[in-house]
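Subject: Structure handover

Hello,

Here is the structure I promised. Please open it, then read my notes below.

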Amino acid sequence: MPEPSKMAPPRLATLVTLGTAAIVAATVLLLLGLINHYAIRYAGKEAGLRLQQLSWQMRDSLDRVVAQAAGDVQQLSELQQVREARAPAEVRAALDSLQKTFPDYAWIGMADNGGVVYAATGGMLEGANVSARPWFQKGKAGLRAADYHPAVLLGKLLPQSADPWRFVDVAAPVTQANGDARGVLGVHLSWDWARRLARTLITPALREYGAEIIVLRDDGTVLLGPQGMEEQKLATASLALALDGQTGFLQEVWPDGRRYVTGYSRTGRAQDLASLQWVVLVRQPEHAAMADWHKLERRILWLSLALGLALAGTAAWLARRLARPMNALSELMEARAAGAGGTAAADVPVLDGFREAGVLSRAMRHLLQAEEQHLSALQTMNEELEAKVAARTAELEAIAMRDMLTGLPNRRALMAALQAALNRSRRTGKACAVLFLDLDGFKGVNDTHGHDEGDELLRQVGARILACVRKTDMVARLAGDEFVVLLELLAYPPDAEETAAKIMPLLRAPYTLRTTEVALSASIGVALHQPHDTETLEGLLSRADHAMYGAKRQGKNCIALAPPAQP
Ligand SMILES: Nc1nc2c(ncn2[C@@H]2O[C@H](COP(=O)(O)OP(=O)(O)OP(=O)(O)O)[C@@H](O)[C@H]2O)c(=O)[nH]1
C-alpha cells in the first residue's frame, strides 16, 4: 500500500523568517495597542489640561481687569475734586486723566443724585439722565460691577468701530466729606479688551488647531465667542459643570454636532458684588487636539513597519546564511538517499561557518566513512561467500555424479550418459551396447577379509575394467559389486561381446589387497542397442541385467547375451 503523502516540513530559513516577521508584527500591534491605550488617553488629558489652563488664564485676566476697574473707580470716587465737585471741568479733568491711563475705559462719568450726568470724559452725555441705567442704580448702593450690555446712549456718540459697542460697567457712590451722597461715578469698560485678551491667549498655533475662547453669562448667552455665536444661547455639559462651581475639562459633543475637548472655569465671586460671574469655556475640536498624537501614532506605525521589514530581512539573510551549510549537507544526504550515487565521505564538505555546522559535517563525514568501510567489508565477504558457494555447489554436483568409493561415474551419471548414447546412436546410425557386470562370490571376500578389504577389491576391479575399454567408453559402478560398461559407436556389434570377453580374464587375475590376496571371477550380461531400436534406457539396462542373471544361472564366470530389443 502506498504511504499517504505528507507535506514536507518547511526549511529552517523559512521558519526563522516567518517567525521573526510574526514577532515583529505582534510587537508592532502591541505597541500600537499600548499607544492607543496610554498615549492617546494621555494626549487627550494633555489637550484637556492645556485648554483648562487657557480657561484659567482667561478667567484670571477677566477678573483682573474688572478688579482693576473697580479699584480705579474706587480711587476716583475718593478724589477730593470729585467728592466736592465744585465745577464739572475739575471733575472731567480727573476723569480724562484716568481714561488716558486705560483707553478701554470708553466712558467715565459722574451723575448727580438725580441721575443727571454732571461730568464725563470728553463731555459726552453731560446733562443726560442716566438714572434708569443699571450702573447708576447699582452704584448708589456701593462699589458694584454691572454685566455686559450693548451701548444704549453712547453708541451714537462714540466713534464707529468694526464691532458694535458693548460695555461692562463698574460704579461706586460719591460721598461728600460730610457724608452726604454726591452722586454715582461710573466707568463703561469697552468689551474690546476682552476680545483682545482672547486673541492674545489664543496663539496663532492654537488658532490653527481650532482653539476658541467662549465667555458666557449664567443664562448661557455667549458674550464673547466665534463669529455668529455671540449673543446666542448655548447649553453644553461644560457650561453646566462650570455653573455648578467646578473647573476642569471634558470631551463632549457641542450643538454643532462635533466633538470638542473643552476646558471650563468661572470668573468672579458670588459675595463680591464688584466682580462679574461668567463662564469661560475654551474648546478645541477633538481631532485637532489629538492631531499631533495621531501624527506620532502614524509615524510610529511607519517606523515600526520599516523596522519590522528590516528585521525580517536581516533575519531571513541570517537564517539563510545559517541554514546554507545545513542545506548543503541535507541535499547531499537526500541525493545519497535517492540513490543518485557518487556521494562519498570525501564529498561531504567540512563546514567551518559556525561550530554546530562543523561538528555536524565532521560527524557526517565519519559516519559515511564508517558506512563505506562497512559496505566494502560486506561486499568482500559477499564475494568470498559467493565464490565458496559456487565451489561447493560444483563440488556437490560432482559428488552427486560420482561413486565415492571407486571414483567412477555412479548410477545417476550412467543414466544421463545412457540417454545421450541412445540419442547419439539414433543420430549416427551406430549401435551401442551395455555390459552388465557382477562379481562372483564377492560376499565371501567381505565375510572372510573384512569390509575394508572388500572396498579395496571393488576399487581395483573398477580400475581394471576402466583399463581395458576406450577412453570414450563409460565404466560406472551401479551398486555393491555391480558395474556397467557403456560402449558407443560400435562399427561392428559383436565387438561388445568381444570387449566382455577381454574383461573376463583381467578380472580373474589375483588381487593384492592390504592384508591378503584374493581371486574371483565375474558374470557379464551383454545387451546390444541398434539405432532403430525404440526401447528406453531402462529397457536397455534391464535387458543387460537379465542377461547377467542368465550368466549367473549358467554357473557364473561367463558371458550371456541378451535377446534383441523388442520392437
Ligand atoms: N566391501 C563392500 N561390500 C559391499 C559393498 N556394497 C555391497 N557389498 C557387499 O557385496 C555383496 C554382494 O552380494 P552378492 O553379489 O549377492 O554376493 P556374491 O557373493 O557376489 O553372490 P553372487 O553374485 O551370487 O556370486 C554383499 O554381501 C554386500 O554386502 C561395498 O561397497 N563394499
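Two strands pair if DSSP finds at least two bridges between them. Strands (E, at least two residues) and helices (H or I, at least four) are DSSP runs, numbered from the N terminus. This is a predicted model: local features need pLDDT of at least 70, side-chain atom pairs count only at pLDDT 80 or more, and totals for chains, interfaces and linings use all residues. Residues are numbered from 1 along each chain as its sequence is written.

Start with strand β16 (residues 522-529). β11 runs antiparallel to β16, joined by 8 bridges. Leu435 has Val526 of β16 as its bridge partner. β16 also pairs with β17 (residues 559-561), in the parallel sense, over 3 bridges. There, Val526 is bridged to Leu561 of β17.

Is β16 buried or exposed? 8 of its 8 residues are buried, so β16 is largely enclosed by the rest of the structure. (Buried means 20 or more other C-beta atoms within 10 Å of a residue's own, with C-beta atoms placed from the backbone.) Ala522, Ile524, Val526 and Leu528 are buried on one side, and Ser523, Gly525, Ala527 and His529 on the other.

Next, the ligand. β11 (431-439), α12 (442-449) and α13 (451-467) each supply at least two residues of the shell around the ligand. That shell divides into 4 nonpolar, 6 polar and 6 charged residues. (Ala, Val, Leu, Ile, Met, Phe, Trp, Tyr, Cys and Pro count as nonpolar, Asp, Glu, Lys and Arg as charged, and the others, Gly among them, as polar.)

Best wishes

Terms used:
Buried ≥ 20, exposed ≤ 12 C-beta atoms within 10 Å, placed from the backbone.
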